[in-house]
Amino acid sequence: MSVDISLIIVGGGPAGLFCALQAASENIDVLVLEKKRSCGNKLLISGSGQCNITHDGEIQQFLLHYGDNGSFLKPSLMNFGNQDLISFFNERGVPLEIEPGGKVFPISHKASDILDFLIHDCQKYGVRIKNSSPVTDVTYTDGRFQVTTDEDIVTSNYLVIATGGETYPATGSTGDGFTFASRLGHTVTETGSALTGIQVKDYRFSDLSGISFADLNITLFRDGKKIKTHIGDILFTHSGLSGPGILDFSRYIRPGDTLKVSFTPGIDTREMNEKLIKRISESGSKQLRTVLNGFRLPERVVRRLLELANVDPDLTGPHLTKKDRTNLVDLITACPFEVSKLGGHEEAMATRGGVNLSEVNPKTMESRIISGLFFVGEVLDIDGDTGGYNLQAAFSTAKLAGQRIHVLSEDEKH
């Protein structure tokens with residue numbers, strides 16, 4: 001069956017639904033095509049089902065939480081920022097609360113409350129949501145988009161790709177949008193897992209799983225060259241490293257890379273060596289592990305580092321050789337972890353890479369290649385840190401696209 005409509009949105013996640021809501025509230029006829037039996041499957045598991053929808057604080061600071069691509073989001077975040085999003089839901093009977101640390105959740109801590117509101121309001125404004133409708137093809141001919149599903153061929157003036165990335169594929173995020181973008185002439189930057197832990201080759205900390213550290217210095221090396229540095233919280237797991245510091249840094253990490261972790265934040269190798277010499281000289285005949293405990297390192301970690309340095313944990317400080325001290329200091333300030341693999345699509349919370357940002361107008365989310373084509377949310381080459389940054393980007397880009405479509409639609413009328 002052939003259907004004609006003003007706006008087609010492919011993808012019924014938060015970006016797609018919010019864009020539909022913005023457009024429909026301006027009297028634009030909207031159809032949302034969702035491949036799964038219901039919308040918002042990934043939204044429902046966000047924040048462990050509690051929906052960390054955004055983050056509190058100055059909106060300018062948000063730009064620092066999207067890797068190297070934060071500047072692209074400046075127009076959309078300035079147009080509809082975190083406080084705007086909080087007000088939007090508070091004013092519509094879905095109250096949000098700011099938790100210590102700045103994360104923002106529905107007071108109910110139920111992602112379903114956010115999803116239910118989006119669906120309900122879309123329906124209130126006449127949005128047609130068609131579930132179980134996977135899109136099989138997208139074309140553009142003579143100024144019109146043609147979208148093919150198993151049952152219909154739908155044509156429209158405007159098309160929004162809001163399919164998400166390719167992580168958590170069971171929720172419907174299987175990279176379809178990247179395929180559609182390519183068919184429509186766009187380039188897609190290399191995609192992979194982001195917001196994920198890493199597995200480590202020859203990992204020696206499995207039995208210390210669960211131990212965490214705050215604000216450690218992490219340095220990324222590739223082929224022996226220093227690539228990037230980062231500061232964040234780290235968690236030992238059974239097979240490698242996780243925690244916010246690793247999750248946020250994972251967008252840059254590749255298998256075969258080496259991470260060097262300093263367990264003494266703010267103290268470099270030279271300073272650590274000097275401090276250790278001083279403390280040994282002041283400690284008399286105390287055992288080395290006791291001296292190291294003074295650096296606020298967990299005792300089990302101290303023992304493991306001594307073991308890796310081939311130093312007897314019962315050794316007294318004055319008996320530590322210069323060579324062993326050098327090896328030990330290197331492990332404390334730059335402990336190497338060789339990455340064997342990153343978490344796969346089934347466990348990574350976000351996708352790095354996506355539709356090339358140089359081909360999208362950041363002020364409208366409209367394609368620079370095809371007029372009337374828009375990309376919103378995670379299908380773009382944007383991935384945010386943990387803490388609500390990805391959902392904020394989804395809502396902000398969707399808002400901007402909806403506004404632009406309204407302007408274009410009004411221009412058509414005149």
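In what order do the 3 strands of the open sheet stand?

## The open sheet

The order is β3-β5-β4, with antiparallel pairing. Strands count as paired if DSSP finds at least two bridges between them; strands (E, at least two residues) and helices (H or I, at least four residues) are DSSP runs, numbered from the N terminus. β3 (54–55) and β4 (96–98) each have a single partner strand and stand at the edges, so one side of each is left without a neighbour in the sheet.

β3 pairs with strand β5 (residues 103–106) over 2 bridges, in the antiparallel sense. T54 has V104 of β5 as its bridge partner.

## About the model

This is a predicted model, in which local features need pLDDT of at least 70 and side-chain atom pairs count only at pLDDT 80 or more, while totals for chains, interfaces and linings use all residues. Residues are numbered from 1 along each chain as its sequence is written, and side-chain values use heavy atoms, with hydrogens and water left out.

Strand β11 (residues 198–200) pairs with strand β14 (residues 240–242) over 2 bridges. Q199 has G240 of β14 as its bridge partner.

## Residue I246

I246 lies in helix α8 (residues 244–249). I246 counts as buried because its relative accessibility is 0%; buried means under 20% relative accessible area, exposed over 50%, and partly exposed in between (1.4 Å probe, protein chains only).

Beyond neighbours within four places in sequence, the contacts of I246 (heavy atoms within 4.5 Å) include I198, I218, L241 and L259.
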